[in-house]
Amino acid sequence: MLVLGVESSCDETSVAIVKDGKEVLSCVINSQIKIHEKFGGVVPEIASRNHVYQVSMVFKQAFIEANVKPEDIDLVAVTKGPGLIGSLLVGLNAAKTFALMYKKPIIGINHLAGHIYANAIEHEMKFPCVALLVSGGNTELIYMKDHFEFEIIGETLDDAVGEAYDKVARVVGLPYPGGPHVDRLAHLGNDTYKLPRVYLEDGSYNFSFSGLKSAVINLHHNAMQRGEDINVNDLCASFQASVTEVLVRKTFKLCESLNVKNIIVAGGVSANKGLKERFNLENNNRFNISIPSIKYCTDNAAMIGVAGYYHYLKYKKFDDLELNASASLELE
Ligand code: KG4
């Protein structure tokens, strides 16, 4: 079964062709990072316009690289939300146009489900599992009894973890998106600054990162005012140590309480080397931990194609061409 995946929820225009939910025949990603870098974040209107410029070429390239004809496609899977509404609409309308032209069925896919299903490309998804979803807009602990059954057990009460990474990066003068830069510098430094670990007193599986972010900002600001040097590598290492300790320990604690052995890590921050290292360090062979390789951690259309495949297997249902985008779509 050949699924055409289309993703445009933020600043990546991506089209992929995936065979049988596993084999990625092509996954073309046109990133706008260079365009938005100078603004220190994604500018929604500029992102939508660039999707419009790029989308036809990205479609074409995906078919060239996969060596597949449009007629060969069995199903179109497209991100319907959450994300920037203008950006989402470009990919959605391109996918609907393709489906209409070539008379192909279409399924709208939740972007967050896409991140989780990125794990099915290189690993087998085993149930029940706990998914730790960590991205620029989300930090969630999700219990999955089976395919496409998402129960959100915990989430951030303020900043998403990727957002905290990007803000800390900006304060210490690193370019956008800051996560990969903080990760790189963290590996050159040591956890020497005393930063809080926010576990929350309510015994829940929720997260809070705004206090940690403010602690880093204040520490940096105070040192600047006193004319003291900050060791940026150590500060990044200390921030990363605090974040990864909380994420890993809460995930393990939830798995223990639910007696779940399988863990899936998903979303842009799952590319973080420190997070992977800490999961491995603290695991002691207790859990099967699945993390996608870096190219499938951040936004890409292969994960949408894979999610579309499993959605079809489970529900055997399609959307019609009334399918619309939703900026604040939640996992159902
Ligand atoms: O999932 P994603 O591509 O976009 C959405 O938010 O949906 O995630 C982007 C986020 C950004 O905040 C970026 O800084 C972060 O993922 N990120 C990382 C790393 N690579 C990307 N954060 C920490 N360490 C990384 N290596």
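Colleague: How many residues of strand 5 are buried?

Modeller: Five of the five residues of strand 5 (residues 106-110) are buried, so the rest of the structure largely encloses this strand. Buried means under 20% relative accessible area, with exposed over 50% and partly exposed in between (1.4 Å probe, protein chains only). Strands (E, at least two residues) and helices (H or I, at least four) are DSSP runs, numbered from the N terminus. Please keep in mind that this is a predicted model, where local features need pLDDT of at least 70. Residues are numbered from 1 along each chain as its sequence is written.

Colleague: Which way do the side chains of strand 5 point?

Modeller: In a regular strand, side chains alternate between the two faces of the sheet. Here Ile106, Gly108 and Asn110 point one way from strand 5, Ile107 and Ile109 the other way, and all are buried.

Colleague: Which strand pairs with strand 5, and in what sense?

Modeller: Two strands pair if DSSP finds at least two bridges between them. Strand 4 (residues 75-81) pairs with strand 5 in the parallel sense over five bridges; Val78 has Gly108 as its bridge partner.

Colleague: And what about the open sheet?

Modeller: Its five strands run in the order 8-7-6-9-10, with mixed pairing. Strand 8 (151-155) and strand 10 (288-290) stand at the edges with a single partner strand each, so one side of each lacks a neighbour in the sheet.

Colleague: How do strand 9 and strand 10 pair?

Modeller: Strand 9 (residues 262-266) and strand 10 pair in the parallel sense over three bridges, and Asn262 has Asn288 as its bridge partner in strand 10.

Notes:
This is a predicted model: local features need pLDDT of at least 70, side-chain atom pairs count only at pLDDT 80 or more; totals for chains, interfaces and linings use all residues. Side-chain values use heavy atoms; hydrogens and water are left out.
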